[in-house]
Amino acid sequence: MPPVRTPVGKIAAPMFPGGIDWLNVDALDMDRLLGRPMLVEFFDVCRVSSLRTLPYIRAWAAKYPGLRVVSVHAPGYPPSRDAAVVRAAVERLRIEHPVALDQQHAIWRLYGNKGWPGRYLWDKKHRLFEIHYGEGAYRETEESIQELLGIDEDLVDPVRPEDEPTAMLVVPTPEQEGAYSGPYEGGAVWAVLEGSGTIRVNGSDYDVTYAGAHELVEHGVSTEGVLELEIGDGVTCHATVFTPGLAP
């Protein structure tokens, strides 16, 4: 779905509350950030949809120095509640822009956020310009960023074929709680894993070295398959996730 434009000048950005820890920057004061458009995105380092959106967030932060980009980490899985896991993931995922550790969902509640990722684009006066939930609409969001900055440049190339605006996608099997084995349909299979050790995916070993979302199987196009997932000692599987694939 495309982003939703909001009534111009009607909704002001909430202040970042005190008591929030920050990564990559000292604590941000919203009042001191006026004069630049700002993109705020709620994410979770263990959530697949957040990881699939992240390349665009990083690219926009690097490409547009006139845009302030802030990621708000709000945990949705047990490993994400550990700030050390988040810090390690921010380094591993090469996130260099400011990250607020919203471990108690204080910022989430101020925004009335609905899910991951939740993307809020604010104008130079920090009035809400548009909002988008979930993956996709990358072209529309970047066009809005350029509109606020008063520029017209080439857009970031799609990261995956399924991100093309005209791509035809097949709805994947819904997320399954815990470790799942059985039939599925999707473009890829992920698992949210915690601990360290070895699991087996369709008969092959996979070493788990960090807590987070791991891509286990990649098809490219939507594929009907059967997953055999065996979780070894020292590893906990919190969810098995299937992502959309291109229609064959």
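**View 1. Overall dimensions and burial in the predicted model.** Buried residues make up 50% of the 248 residues in the protein, which is shown here as a predicted model. Its secondary structure comes to four helices and 16 strands. The radius of gyration is 19 Å, close to the 18 Å that the globule rule gives for 248 residues, so the protein is as compact as a globular protein of that length. Taken along the principal axes, the C-alpha atoms fill a box of roughly 55 × 40 × 25 Å. Among the contacts with a separation of 6 or more, 74% are accounted for by residues 24 or more positions apart. The accessible surface of the protein comes to about 11800 Å², and 50% of this surface belongs to carbon and sulfur atoms.

View 2. An α-helix has 3.6 residues a turn, so residues three or four places apart point the same way.

View 3. At the N-terminal end, H2 is capped by Asp82, a side-chain oxygen of which lies 2.9 Å from the backbone nitrogen of Ala84. Just after H2, Arg94 takes a positive phi of about 60 degrees.

**View 4. Tyr111 and its edge-to-face partners.** The structure holds twelve aromatic pairs. Tyr111 and Tyr120 form one that is edge-to-face, with 4.9 Å centre to centre and 75 degrees between the planes. Tyr111 and Trp122 form an aromatic pair that is likewise edge-to-face, with 5.8 Å centre to centre and 80 degrees between the planes. This pair links distant parts of the chain, since Tyr111 lies in helix H3 (residues 106-111) and Trp122 in strand S6 (residues 118-122), eleven residues apart. Because buried means under 20% relative accessible area, Tyr111 counts as buried at 12%, as do Tyr120 at 3% and Trp122 at 2%.

**View 5. The aromatic cluster around these rings.** One aromatic cluster is formed by Phe42, Trp108, Tyr111, Trp116, Tyr120, Trp122 and Tyr133. The cluster thus includes Tyr111, Tyr120 and Trp122, the residues of the edge-to-face pairs Tyr111 and Tyr120 and Tyr111 and Trp122.

Notes. Residues are numbered from 1 along each chain as its sequence is written. This is a predicted model: local features need pLDDT of at least 70, side-chain atom pairs count only at pLDDT 80 or more; totals for chains, interfaces and linings use all residues. Side-chain values use heavy atoms; hydrogens and water are left out. A polar contact is a pair of N or O atoms within 3.5 Å; within protein, one must be able to donate a hydrogen and the other to accept it, and residues adjacent in sequence count only if both atoms are side-chain atoms. Helices (H or I, at least four residues) and strands (E, at least two) are DSSP runs, numbered from the N terminus. The radius of gyration is taken over C-alpha atoms; the globule rule is 2.2 Å times the number of residues to the power 0.38. Buried means under 20% relative accessible area, exposed over 50%, partly exposed in between (1.4 Å probe, protein chains only). Contact means heavy atoms within 4.5 Å. Accessible areas come from the Shrake-Rupley method with a 1.4 Å probe; for residues, only the protein chains shown count as cover. Rings of Phe, Tyr and Trp (its six-membered ring) pair if their centres lie within 6.5 Å; planes under 30 degrees apart count as stacked, over 60 as edge-to-face and the rest as tilted.
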